[in-house]
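Please examine the structure displayed here, and then follow the account below.

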Amino acid sequence: MDNATDYVTELGESGIDPGAHAQLLDYLKQLEANLERRSEELSALQRRYKELFEAEQKKTQELAMLAEIGEGALAHHNVDDYIHAAVTAMQRNFNYFDVALFLVDQSANEVALQSQSGGYCRAAQEGYRQSLDVGIVGWAATTGEALLSNNVKEEPRFYCAFPEEQRTQSELSVPIKIGNIVRGVIDVQSQKENAFASRDVSVLQTVADQMATAIENAQLYEQMVLLKRFSETIVASLPSAVLVVDRELRLVLANRIFCEEVGSEEDEIRGQPLESILSPVLLHDAGLLDAIRQTIESGQPLWLGDVAYLCGTGEECVADVRLTPLGTSNEGRLLITIRDVTQRARQIAQLSLLHDMGGLLQRSLDRDRLLYTLLTCITAGPALGFNRGFVLLPDEQGENLRGEMAVGPVTVEEAHRIWAEVGKRHRGLQDLVEAFAPEQIEMTDIQRLVCGMRFSLKESPSAILSRVMRESTTFRVATDAVRRDLCYPYGDVLRTQEFAAAPLIAGSRILGVVLADNAFNQEPIVEEDLKLLTTLCNQAGLAISNAIAHAQIEDHADELAKAYQRLREAHQELVRQEKLVTVGEMAARVSHEIRNPLATIGGFARSMLKNPDDVSRVKSDASIIVEEVEELEGILGNMLDLTRPSGPACRLENVNSIVEHACLMARSDFQKYPVSLVKQLDDYLPEVFVDARQIQQGLLNVIRNGLQAMPEGGELTVATASEEDGVVVSITDHGEGIPPDVRDNIFTPFYTTKVQGTGLGLAVTRKIMDDHHGTIEAQSEEGVGTTFILKVPYTQPVEGTP
Amino acid sequence: MQWSGRRVGDTYFKGDDATVKTVLVVEDHKHERILYERELTAEGYRVILAENGREALQKTQEERPDAVVLDINMPQMDGLEALGRILEAHHKTPVIINTAYSSYKGSFMSWAADAYVIKSSDLTELKDRLREALSRGETEGV
């Protein structure tokens with residue numbers, strides 16, 4: 001421009017119109033000024049664009065780095081790898097001198113160097129750790145704030161971890177936070193002063209945030225992987241077969257046991273439909289497939305406790321199957337656990353069988369029935385299922401074994417006939433046992449056969465039967481041994497090739513030997529059969545021993561019963577003698593009672609004989625005789641009252657009127673004694689069901705007794721009252737009372753302490769009260785008197801009973 | 001005592017008041033009293049009667065009988081008790097127990113009696129014992 005103005009100036013000097021020239025010159029000068037201004041504007045613009053460009057470029061770099069780090073987060077499931085990739089990316093993209101990443105170990109109060117990239121790479125040692133309390137890193141880690149120092153010489157928090165770091169001029173630490181927790185620190189260092197701008201801080205913070213998320217994800221992922229491995233290890237090591245199927249019933253996963261079970265590698269069967277893997281017996285026949293479908297539909301777990309099926313070898317197997325839906329029902333994945341519980345199921349079946357058989361054996365205390373039950377258990381299909389069973393018992397000397405009982409066929413034809421019959425009528429073990437009929441057993445061929453069996457234990461001590469008896473062990477005698485062994489002299493008769501011999505044991509006693517064979521279907525006798533047979537024989541032995549003990553107890557019981565009978569007879573004899581004594585006492589008493597009137601009668605009769613002519617005297621004597629005879633009759637009547645078994649003739653009566661009658665009857669007695677009668681009768685007495693005549697007699701006896709107790713006179717009180725359970729009559733005298741030592745005897749016939757009387761009165765009254773289901777008791781106090789209390793219950797005596 | 005000095009043969013002398021023996025019969029039973037009175041009077045005794053032990057004791061003291069025929073089972077005073085009392089006061093007077101019971105024979109008290117007769121319609125034994133007792137009393141009295 002300068003040149004153009006100069007040129008115009010020169011042009012003006014060369015003679016061009018000076019006005020125009022000047023004008024042109026001004027214009028040019030304006031132009032130049034404009035031009036210069038524009039140029040400045042342009043350069044400013046250019047600078048701004050450059051700045052913008054650089055900023056954009058940096059942003060792009062940052063974005064690229066962030067993208068790289070972000071991609072790294074996706075690419076690396078391993079935290080270590082990811083962190084390393086991120087650190088490298090930062091260092092490369094921003095051209096930092098050195099980038100390090102520390103992870104915070106709160107438990108150790110330390111930060112640990114996880115990854116490093118840049119200038120100090122060789123200087124820092126792997127696994128380097130430093131305290132949380134030191135350095136710019138430590139500050140960022142503990143406060144959770146970024147810290148920038150562009151001149152570390154001035155920064156007291158700067159910490160020089162290794163000699164090379166002394167060249168550091170600038171350092172920036174940014175925390176990596178998950179939530180509020182600082183998980184790590186990004187540390188950037190430079191050997192230049194003022195190396196970092198605020199821009200670096202914000203970028204690194206963005207990176208830190210991104211890393212935080214990624215680290216968390218990666219850690220979660222690691223945990224998940226660990227968990228998965230853990231689960232897989234568990235699944236693989238489970239003692240059950242475990243498999244997972246999807247909605248389409250294709251195999252997703254299977255453990256080793258399942259693979260072994262189906263005989264394939266997991267890789268071969270993965271993705272295959274279940275139906276091509278599991279046997280149709282289990283899937284269809286046992287209904288497993290339906291259950292699986294049902295579980296997938298419902299989403300509810302299902303447990304099939306005992307899935308029975310026939311396995312390849314034809315044996316019946318039992319499986320425990322558990323179906324567990326996995327995840328959400330939409331996924332439709334199903335965990336299937338199959339456990340082979342055949343062994344357990346068999347053991348349970350055997351136990352149950354032994355229990356049943358034990359129960360049957362405990363039902364009887366009859367030896368023959370027990371033996372039959374044992375043999376039925378040995379031979380019945382639902383039990384041990386041997387073809388035949390024999391019981392041999394030792395004789396009394398223990399020298400020989402004798403065949404006792406047997407169950408089973410003798411010939412093949414009979415065997416088929418029996419089995420066909422049993423097959424037709426499906427009968428349980430219990431029914432078979434209950435069919436026991438001793439007389440039918442007697443008639444069977446095999447029973448006839450067994451009855452002929454004799455075996456001398458003495459002569460063949462080494463034979464199996466002797467050893468069974470001696471060692472109380474179960475033996476299986478195999479094909480060859482049957483012929484060889486002398487013990488089986490009836491091998492030919494029994495036509496068997498193999499048999500089992502078990503002892504019948506009760507505690508330490510050996511009761512006999514049980515033989516069992518499969519003579520007709522030739523089924524081999526296996527270990528399990530022997531075990532069951534042994535156990536069964538033990539049970540049977542105990543039951544038989546119980547039966548024997550019971551029989552002995554019964555014998556004892558018989559003896560006891562006989563002893564009791566003898567005792568009772570002895571007792572009856574005693575009672576009879578007691579009665580004789582009583583009768584003797586009675587005789588004495590009666591002899592006195594009778595002797596007096598008899599002597600009088602006889603005396604007067606003799607007198608009459610001597611002087612038959614004195615008519616008036618004969619008359620008076622005769623009247624005396626008549627009176628005496630009447631007295632004799634009275635005594636006799638009293639005795640008869642006591643012994644006569646006639647019961648009361650009852651009707652509803654008012655006891656008060658009975659009492660009145662009795663008192664009336666006792667009137668003559670009252671005249672003999674200076675005793676006054678006091679009556680206290682309850683006017684509201686309920687009627688009772690009694691024989692009025694008998695009760696009257698009973699009361700009269702007690703009243704007379706009371707009178708005789710008071711020869712010196714006094715009051716005799718007769719009272720009636722109603723009580724809760726009956727009507728009570730009490731008769732109180734004021735005599736001397738009854739001495740305690742004779743109180744027990746006052747109701748005994750012919751027992752009397754009195755001069756007069758037969759000793760029958762109170763006894764008769766007691767009998768009357770007994771006949772009325774009533775009571776009589778005496779309350780006596782010596783020197784005061786005695787009260788007799790007679791009670792008649794309201795209840796109506798049972799008809800027909802005395 | 002009051003008969004001391006008399007001869008044996010006098011016992012059988014009848015009709016003479018001095019030689020007629022007095023016999024006390026103790027018996028609660030009315031009819032028996034009548035019988036004994038009649039029979040013993042026919043034997044030649046003077047018979048006095050008592051119904052019970054107490055009366056017997058009283059009559060013994062008043063009448064001084066030569067012998068007592070005593071029943072044991074009686075009201076008021078038991079025969080054995082009466083025997084004791086009688087012998088206490090008049091230990092020489094012969095007492096013959098006349099009872100329906102044989103069981104009192106063993107009683108200590110009855111040993112004190114001169115004789116023990118079980119009642120019978122035949123009074124021969126009673127009469128014999130009575131005669132013996134009276135003659136013994138006479139002999140002793142000599």
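Both B:E39 and B:K127 are buried, where buried means under 20% relative accessible area, exposed means over 50%, and partly exposed lies in between, with a 1.4 Å probe and protein chains only. For B:E39 the relative accessibility is 7%. B:E39 and B:K127 form a salt bridge, with their closest N and O atoms 2.9 Å apart. A salt bridge is a side-chain nitrogen of Lys or Arg within 4 Å of a carboxyl oxygen of Asp or Glu. Since B:E39 lies in helix α1 of chain B and B:K127 in helix α5 (residues 124–141) of chain B, the pair ties together parts that are 88 residues apart in sequence. Helices (H or I, at least four residues) and strands (E, at least two) are DSSP runs, numbered from the N terminus.

This is a predicted model, in which local features need pLDDT of at least 70 and side-chain atom pairs count only at pLDDT 80 or more, while totals for chains, interfaces and linings use all residues. Residues are numbered from 1 along each chain as its sequence is written, chains are lettered from A and ligands numbered from 1 in the order in which they are written, and side-chain values use heavy atoms, leaving out hydrogens and water.

B:E39 also meets the side chain of A:K610 in a salt bridge (2.9 Å, N to O). A:K610 belongs to helix α19 (residues 527–610) of chain A and B:E39 to helix α1 (residues 30–42) of chain B, so this pair joins two chains. A:K610 counts as exposed, at 52% relative accessibility. A network of salt bridges links A:K610, B:E39, B:E43, B:K127, B:D128 and B:R131. Over all chains, the structure holds 32 salt bridges. One of these is formed by A:R367 and A:E404, whose closest N and O atoms are 2.7 Å apart. This pair links distant parts of the chain, with A:R367 in helix α11 (residues 367–379) and A:E404 in strand β13 (residues 400–407) of chain A, 37 residues apart. A:R367 is partly exposed, with a relative accessible area of 32%.

The sheet of chain B comes next. An open sheet of five strands has the order β2-β1-β3-β4-β5 in chain B, with parallel pairing; two strands pair if DSSP finds at least two bridges between them. Strands β2 (46–50) and β5 (115–118) of chain B stand at the edges with a single partner strand each, so one side of each is left without a neighbour in the sheet. Within this sheet, four bridges join β1(B) to strand β3 (residues 67–70) of chain B in the parallel sense, and B:V25 has B:V69 in β3(B) as its bridge partner.

In the loop between β1 (22–26) and α1 of chain B lies B:E27, which counts as buried at 1% relative accessibility. The side chains of B:E27 and B:K119 are joined by a polar contact of 3.0 Å. A polar contact is a pair of N or O atoms within 3.5 Å; within protein, one must be able to donate a hydrogen and the other to accept it, and residues adjacent in sequence count only if both atoms are side-chain atoms.

In chain A, all eight residues of strand β16 (residues 499–506) are buried. Strand β15 (residues 475–477) of chain A pairs with β16(A) in the antiparallel sense over three bridges, and A:F475 has A:A501 as its bridge partner in β16(A). Eight bridges join β16(A) to strand β17 (residues 509–517) of chain A, and these strands run antiparallel. Here A:A501 stands opposite A:L515 in β17(A). The hairpin of β16(A) and β17(A) has two residues between the strands, and in this hairpin A:G507 takes a positive phi near 65 degrees.

Which residues touch the most other members of the largest nonpolar core? Of its 42 residues, they are A:M357, A:L374, A:I378, A:L504 and A:L533. A nonpolar core is a set of buried Ala, Val, Leu, Ile, Met, Phe, Trp, Tyr and Cys residues joined through side-chain atoms within 4.5 Å. The elements of chain A that give two or more residues to this core include α11, β13, β16, β17 and α19. With nine residues, α19(A) gives the most to this core.
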